[in-house]
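Here's a walk through one protein model, from its sheet to its cores. Have the viewer open as you read.

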Amino acid sequence: MDRAPEKGRQPSRRRRKTRARKRTSRISENPRRLLEKLEGLGLRSEALVHVEKIPPRRAQYGQLSSPLPETLTAALAAIGITRLYTHQAHTLETVRAGKNAVVATGTASGKTYCYLLPVLEGLLREPSATALLLFPTKALAQDQLKGIGSLQAAGGDLLAHLAGTYDGDTPSRQRSKLRDEASIILTNPDMLHSGILPNHARWARFLSNLRYVVCDEIHVYRGIFGSNVANVMRRLRRICRHYGADPRFICLSATIANPRELAERVIGATFRLIDRDGSPRGPKHFALWNPPVLSRTSMDRRSSNLEARDLVLSFLRDGFQAITFVRARQTAEVLMRYCQEELSHDGGGLASRVRAYRGGYLPEERRAIEQELFSGELLGVISTNALELGIDVGSLDLALLVGYPGTIASTWQQAGRAGRTEAESLAVLIGHNTPIDQYLMRHPGYFFSQTPENAVVDPDNAHILLGHLRAAAYELPITARDEGDFGEYAPAILDLLAEHHEVHRLRGRWYYSRDGYPAADIGLRNGSNNVYVIVDTGTPGAPPFADGARPQPSGRLARTTAVKRAVERGYRVIGTLDEASAYTQLYPQAIYMHDAETYMVEHLDLTEKVAYVHKVNLDYYTQSIVDSRIRIVDTEEERTWRKTEMGFGPLAVSEKVYLFKKIRFGTRESVGFGPVDLPVQTLETVGFWITPPASAMGEVARCGRVATEGLCGIASVLADVITLHAMCDVMDIGATQDSRGTGAPAIFVYDKYPGGLGFSQKAFGMIEVLMQGACELITACPCEAGCPSCVGAPVMPHVGNDPDAAMRGRIPDKEAALVLLHHMLEKEPYVPKGPARAPAGKISPDGEEVARDGEPASREVKPLPPEVERRLRASLRRLQPGPQVANP
């Protein structure tokens, strides 16, 4: 493999095949045209605030201690690979030495070959060996299978080993063939959890010969998803031991702060880190685009969605191919509608070459969009982070990011979707008018100088362990050694399961006692398998049932029955949504958007988990408004930070969707509200609370301000600041002001997952950094009295009797927030600017609110915290044994 370096450069994941494209990418003709165009647009609006120029990097190659097998070397040469980058060679040598490897390098750095070469080399030397390749999405597994296929085609008989994807879209006949004959299985953690491990006896051949397990995009395995996957890995390794296998693990990650720690937490084994990226990189331009200010008084800015629309249209009309990332599914649909409406006036079919891509679309829709984007049929795609991962969508000219994605790692992942390995590329971050986005717009050096964040998982979370111990007992009896593998609370949880007759102990082993299928009760990605199906009835007033009667089954079986009846009536299933999102997006009269079309929700069946919708032609969409209540369940830790009292412990957060807002397309003006009548959802989680000293509250009152309005502003900023220090999304953290449980106004910060996932606990330990950051962010904003870019958006109006009515409809008070922050941080007292802000209604000066309604015979068992045990017991009481599912 000694050819000249220029001939040894590798095709990236995006360049593995010769593409029959319907156009020639204009960036290859004149790579600076994109930046020049953007600069021209920015001069007219003064929105282009910064362009970071990232220099190119030359390739660095590594040497192997011994060459690859000749057939594999020849196959690589046939597709243009004659030398390995340093990180590829290092990974191969690590696996050869019998070590687990985690590779953390940049986008399009050739990480595919980091796992593919050791796997193929091992299979060539041991033909009976098998490999399990795990990808976070089905689309990514399908995409990687294409890469294996190209190498297989180049190598002739090299890959006689059968390889295939095994997921929910795989036909039954193909599943059996793969299970019985395949050497390489590509799947996702969900299928491993619910389809392979519970049926491991059928997989005895594959599992007993398992030599390699690959976990791609491991940086995605954080939060609740990562904590669940970590327990799936515990179950996998236990079953591998049962069959006498001890596979090597190869993990691949984007650049994050703690790749080795994350791999070791998720897999439960020691790893060697490979993070010296040897791949070449072309020059990159990363622009920050801040929508222009509409009012210097309020600091309102033009909608970032409208700015994105104008930028996308400008580039698409010039023939550039762009991907636009947005933060929410509804935003993807709204932005696609905006673009299609404008392009339809141009003619020439441009409007049909822009599509949205998001979760909730049916699999066949997503595959079609991926193929159209890859082939060049689509000029533009507007996507949630569903396309952030390494799916091959061709060589795109530019990436637009509408709003900060929430983490530095995700930002670079999305920006990396544009450009080729060594071609010049452009990414544009369009700022929202929110605290963290505006901070980045004002301090570009902060973002470009920061290292990516830590990824946080909590595999020992008792709420998560409960379900996985049930699933593990179903798969194999749990031994004393197994108890140790599942963490310190495993013995106590097993005792609890035994009390509820879920398991029983016999000769030192725990056996599953039910007839059901426990894996079906666990959703890896959101903690629940409660998925709502969206059915288009075609016309308003259509009955949801053929005979007008509600079917008797409940839960999963009822949903299946309802969907079957709907299909029999000629109705059409158009999508799915998780339960939490269903409550906020599928309430009656809500506007659900699919492929830029508007559908009105006529009926949401909470028993069957089906939403019935019909197409309407309206000029508005809807947004739900949620009211939250917090109750302190217990105090596990108390401490004094400076002169401020803080506490940490379990919380009960009750949320109710009580109102929806109608928003006109284009102008974003509010055209009305409507009531929502859905049950309260209670989240039992953990969090911390900050109770400002009475002296701080008194100082605010003496300034003629309302302290609770300042606390609301601080809470809003804290939720954003935390995302800069813990690898979590702003949607993972809740922050609000409340008085319940403390007897005085306090700031509450909590994890938005049952039992918590460590985000708020980490924040509790770094409160000094967070409060300093909040103070700096608010101080730096040039607004006069508070705006969405510093202390947050206005508190929504409430219907009916509300003790917080003094704050409803008003932006939190920036000046009150600064008075409080200066006092708590023991800075020089802050003197508010502008006139005093008197409360709009009756509220006490201190903001106090009105209350509202063979084995060892003995085992060491660490007791569960009482409140955790109570919540687990409640979860067990809700469990209903269901029918056994042979092969989901």
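## Ground rules

Contact here means heavy atoms within 4.5 Å. Helices (H or I, at least four residues) and strands (E, at least two) are DSSP runs, numbered from the N terminus. The model is predicted, so to speak of local features takes pLDDT of at least 70 and side-chain atom pairs count only at pLDDT 80 or more, while totals for chains, interfaces and linings use all residues. Residues are numbered from 1 along each chain as its sequence is written, and side-chain values use heavy atoms, with hydrogens and water left out.

## The sheet and the helix across it

Let's start with an open, mixed sheet of seven strands, ordered 1-11-16-15-12-14-13. Two strands pair if DSSP finds at least two bridges between them. At the edges, pairing on one side only, sit strand 1 (48–54) and strand 13 (354–357). From one strand to the next, the twist averages 15°. Strand 11 (residues 284–289) runs parallel to strand 16 (residues 425–430), with six bridges between them; Ala287 has Val428 in strand 16 as its bridge partner.

Helix 16 (residues 408–415) lies across strands 1, 11, 12 (322–325), 15 (398–402) and 16, at about 145° to strand 15. Axes are lines fitted to C-alpha atoms, for helices over the stretch in contact, and angles run from 0 to 180 degrees between N-to-C directions.

## A helix pair

Now for helix 19 (residues 462–475) and helix 21 (residues 490–499): their axes come within 10 Å and cross at roughly 60°. On the helix 19 side, Ala462, Leu465, Leu466, Leu469 and Arg470 meet Ala490, Ile493, Leu494 and Leu497 of helix 21.

## Cores

A nonpolar core is a set of buried Ala, Val, Leu, Ile, Met, Phe, Trp, Tyr and Cys residues joined through side-chain atoms within 4.5 Å. Buried means under 20% relative accessible area, exposed over 50%, partly exposed in between (1.4 Å probe, protein chains only). The largest such core has 125 residues, and Phe688, Ile690, Ile714, Leu718 and Met771 have the most contacts inside it. Helix 25 (residues 707–723) gives the most to this core, nine residues. Apart from it lies another core, of 43 residues, including Leu192 and Ile256.

Beyond four places in sequence, Ile690 touches several residues, among them Thr644, Leu718, Ile767 and Met824.

## Pro189

Pro189 is found in helix 9 (residues 189–196) and is buried, at 1% relative accessible area. Pro189 and Leu524 are 335 residues apart along the chain, yet their C-alpha atoms are separated by 8.1 Å.
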